[in-house]
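Okay, thanks for making the time, everyone.

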Amino acid sequence: MIQSGTTPERLFRTTVITLLVCGYSGWSLWDGYIAYPRTNVESALRNKIGVMIPKALPASDRKLTADRAGGGKAGEPLSAVVARLGQPSFRHEDFAYYFGHGGYLAIELAGDRVVKHEWTPGPRFRPIDLAIQKAIGFALLPLGLAFIVHLIRVITTRATLTDKGLKVQGRPLIPYDAMTDLGSVKGKAGCFDLRYDGDGRSKTLHLDDYAIRQVKAIVREICRRKGFALPQDAMTDPPEYVPPDSPSD
């Protein structure tokens, strides 16, 4: 019996591209929902308000936008603002601050009365920057899921040759009696076509040494059992694949 999984090269390449797509999707969503808003708050505190960044960073409200922040009026009591927007995220001198993900609202106070409202986008990342990161993240999600499904298929790839015939995962068993011919695919090294009779008609199963690690051993055994001419391409096994080294620092 010959039982074979996929090749290390196929597994390595599929794993790398899956990690890249899923990682970039997650990274983009993290930036859009967490990292960029946090950076905006830190930048506003340090560069606009001129204070040290506290250990507990003031909260930011994803729902606070320029449109929502612009509903205030000069002279209204702070309690009216609190009723509309909640408690301020930060207080400093005569100002109350509300932080959104894509900007912040500064309210100048005279006692308990509002003197002026001012909305500042960003200041490091504007709403369009956050929207782009979210769009990239969500756009890559289905592609990442597709690659995960494909990676599972690659990991579980199996081809088994027994006394009963050839069984490739996802396909019915092909008994030796049904096999009619086996030959190389012209112009494709390591690729073979197994022709067989199934359901009353001629069918072809494509085999290659990228998807199935021991495909050449399987081809040699089928040719020996059936008396087929051995394809020259199946006489030697391919060298072992060695993943590339990580770049040195």
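Predicted model: local features only at pLDDT ≥ 70, side-chain atom pairs only at ≥ 80, totals over all residues.

Let's start with the helices. H1 covers residues 8-49, and H4 covers residues 127-155. How do H1 and H4 pack? Their axes sit 8 Å apart, and the angle is about 155°. Angles over 145 degrees count as roughly antiparallel, so that's what we call H1 relative to H4. As for handedness, H1 and H4 make a left-handed crossing.

Now zoom in on Asp31, which belongs to H1. Is Asp31 buried or exposed? Asp31 is buried, and it has no salt bridge. Look for the nearest side chain of opposite charge and you land on Arg38, 9.2 Å away.

Okay, backbone. If you're checking omegas, go to Gly122 and Pro123: the peptide bond joining them is cis, with omega at about 5°. Pro123 lies in the loop that runs between strand S6, residues 113-121, and H4.

Then there are phi values. Glu93 isn't a glycine, yet its phi is positive, about 55°. You'll find Glu93 in the loop between strand S3 (90-92) and strand S4 (95-100). Its relative accessibility is 66%, so Glu93 counts as exposed.

Asp199 also goes on the list: phi is positive there, about 55°, and again it's not a glycine. This one is in the loop between strand S11 (191-198) and strand S12 (201-208). Asp199 is exposed, with a relative accessible area of 70%.

Last stop, Pro231. Where is Pro231? In the segment after helix H5, which is residues 215-226. With 8% relative accessibility, Pro231 counts as buried, because the cut-off for that is under 20%. What does Pro231 contact, again skipping neighbours within four places in sequence? The list is Leu182, Gly183, Ser184, Phe192, Val219 and Cys223. Take Leu182 from that list: Pro231 is 49 residues from Leu182 in sequence, but C-alpha to C-alpha they're 8.1 Å apart in space.

That's what I had, so over to you.

Technical notes:
Residues numbered from 1 in each chain as written. Heavy atoms only, no water. Helix = DSSP H or I, 4+ residues; strand = E, 2+ residues; numbered from the N terminus. Buried < 20%, exposed > 50% of the residue type's maximum accessible area, 1.4 Å probe, protein only. Lys, Arg positive; Asp, Glu negative; His and termini not counted. Salt bridge = Lys/Arg side-chain N within 4 Å of Asp/Glu carboxyl O. Axes fitted to C-alpha atoms, helices over the stretch in contact; angles between N-to-C directions. Parallel < 35°, antiparallel > 145°, perpendicular 65-115°, else oblique. Left-handed = near helix turned anticlockwise from the far one by under 90°. Contact = heavy atoms within 4.5 Å.
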